Amino acid sequence: MKKETNMKVSQKRTAKLRIGALGVITAAAVALSGCAAGAPQNESGKKTLNAIFLPADWGKVVQEKLAPEYEKETGVKVNVELVGRDAIHEKMATLFAGQDSSYDIFNVDYNWIPEFGKGGHLVPLDNAIQDKEDFLPLSLKVATWDNKLLGIPQTVHPATLWYNSALYGDQSMKDQYQAETGRALAVPKTMDEWLTQVKFFNGKTFKGQKLSGWAAQAAKGFGNVHTWLSFAYSFGCNPFNADFTKSTLTTPECIGATERWSEMMKYMPAGANDFTYDSVTTAAQQGSIATAIQWSWGQTATDNPSASKTVGDWQMTTIPTGPTGISSAHLAEWVISVSKYSKNTEEATKFAVWLESKKNDVLQANNGGGDPVRASSYSDPTLTEQKIEGNGAARFRRLPTTLEAMKTAQPRPFFPGEESWETALSTELSAISLGQRGVQEGLSRANDAIDKNLSQ
Amino acid sequence: MTTSITESRVSRKAARPSGAPGGRRPKKLGRYFAMSPGLLFLAALSLYPTLYSLVVSFTRWNLSSGEAARFVGVDNFVGLLTDGLFWNSVRVTLVFVFFSVLIELALSFGLALLFFRGFPGDKLLRALIMMPMLCAPVVVGLLARFSLEPTYGIVNQLMRSIGLPTTEFLGNVDLALPTLIAIDVWQWTPFLFLILLAAMQGLPEEVIEASKIDGASWPRIIWHQFLPLLRYPILVGVLLRLIDSFRVYDIVYMTTRGGPVDATSTMSWQIYNVGFRAFNISYAAAFSWLLLLLVLLAANSLMRRMVARS
């Protein structure tokens, strides 16, 4: 009896040990499979690239059209993941810190080029492009850090002044404007003219819509900074000294620009302090604003008949000139970079270059993927001769303005701490626009916060 | 008495079989072996990162710089304690936690009382009340953002239809934080309601009946019977909500992103900003440890008070 009991105890113990061992093996297997997940995969000897793109139209074009096309042409499979802007930034930093090779290619907002360029995480691509002269010079400049080209420009969006041409062409509006201001209603060339028109249009009703004078991105985060930059640059404000060691936001030019921006905020729609790119697009589609500062490629959305009441109406011009006669837009641009830790840098570079071949630059623009980066694309008949179906307006009528704006546009402060700079300035701009602080006080506080960041 | 306990322990110890195969050591080893996967996971996923973040908090390390971390002692903590943004985030977090948990507790208690005795259709209504809790906070944030949008949002459209003015719930410095509190209350009141209702339904019926026979009114019964008897379920519920509220991030990310100005910049949001926008990972680690300390302090003082009163 005792022997039997002992045997049962022994059997139970063995069973427990087996379960324990199984648990350990399972844990190890799961852990190992997790480690292996990032390794490049081979499907019957095929090379595979892993890429992260923004879930904007230019990312979707790569995922849906260009990556499958590349696989057909070369046999190299490209897995394209679409990830939001903040998440791309986070992933890049964490993967690079761990020298992780999971991803070969990243869609990069150009203001991260100094940050990741300084860390030495990106592959120089200077020798990869054979026809650099065809690329818009500014687009290459902001993809370069420490004299190395670290990204191939994919799409550019300088800020432009949008105006509703139906409103500007309306005889009744023209007469009222003439009567009120003594001047003919014409597309504004200067900041002063624009302010006069914004005040005039604000509160008027057109096609059953009550109008606001203008709209632009104004939300805290980066939106208000991006809009403010077009004012700042056109007023001759330079937010930093030459070597980015001191914030210079309290110069008369910066104060003047901020005062004008703050004054104009009064003529934006309700809730404007929270306006994002999408909010501006919606307002433009509804025809509830007279003018806007918006990225050039946004015209694709306002020309979409299924979502817009203003198809073909929105026209663009360059940002109005400030007191010194300068017109300089804030530049937005995305580039394609190759990770230094990729195990396929050569193949990844080939793909990045292929994406921005002459043919594909036009193809991307034609599919709504932002404005082209090659000068030749701006005169390509595929784009220039295309009309909006059922409307007759030129689908790419914005291109001449984009090209003109690219001559004088300026990037965000191009240094490794740009994201922190935006955060600090954005908070103070938010306070200024909400009347929580005066312009000088807000800029002074932003100066202090930025200088503190720079000293760390 | 002490002697008898000791004796009984000794006798039990003596009665245990010693040595193989029934010996204590192999049995213990087997247990540890069986537990090892769980312990390993716990150590790898929780203990190691926690301790590592403590080490990082004493260094200067920017994730994107490509430079190695270097030891700076308590510089990050000193920097934080003299940083206006840190103190603002502490203030915002404390206001958020205090009001959201307090309102949730009051509402859930009221709702539980309402549902305690039951009424026709109470089951359907109870299921409907639970629904916000089943949504992911990110989805709730997104819904709130669209619903509260001044021009096209449904809330403002309804307000305008009854003659109320358009209100910037998320873009107004004075309204943004109360709006976030309201969103949190909408989502998490059902959680406390569920705990309190279950606890109320477990109360002994005789106590209530006896109080009634003694002529006590309902408010007196609630005050003198319900509240003391429900102390521990309330404590558990409030503690869980307290901890959860301290790390509020999702709805801030989806609605205000810390704005307008820094009116909704909670500690978790600020940690995200420092750690994942500026990649100042060491400063963010120090920030996280101060948040942890604050949560522990709040939870501990609450528990002490409740236990002391009982």
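Modeller: Start with β10(A), residues 289–295: seven of its seven residues are buried. Buried means 20 or more other C-beta atoms within 10 Å of the residue's own, with C-beta atoms placed from the backbone. Strands are DSSP E runs of at least two residues and helices are H or I runs of at least four, numbered from the N terminus.

Colleague: What kind of model is this?

Modeller: It is predicted; local features need pLDDT of at least 70, side-chain atom pairs need 80 or more, and totals for chains, interfaces and linings use all residues. Residues are numbered from 1 along each chain as its sequence is written, and chains are lettered from A in the order in which they are written.

Colleague: Which way does β6(A) run against β10(A), parallel or antiparallel?

Modeller: Antiparallel, with five bridges. Strands pair if DSSP finds at least two bridges between them. A:Thr160 has A:Gln294 in β10(A) as its bridge partner.

Colleague: And how many bridges link β9(A) to β10(A)?

Modeller: Three, in the parallel sense. There, A:Trp214 of β9 (residues 212–215) stands opposite A:Thr291.

Colleague: Zoom out. How many helices and strands in chain A?

Modeller: 18 helices and 12 strands. Of its 456 residues, 49% count as buried. The C-alpha trace spans about 110 × 50 × 50 Å along its principal axes.

Colleague: New topic. How many residues of chain B are in contact with chain A?

Modeller: 33, against 39 residues of chain A. Contact means C-beta atoms, placed from the backbone, within 7 Å.

Colleague: Which element of chain B gives the largest share?

Modeller: α2(B), with seven residues.

How values were computed:
Contact = placed C-beta atoms within 7 Å. Buried ≥ 20, exposed ≤ 12 C-beta atoms within 10 Å, placed from the backbone.
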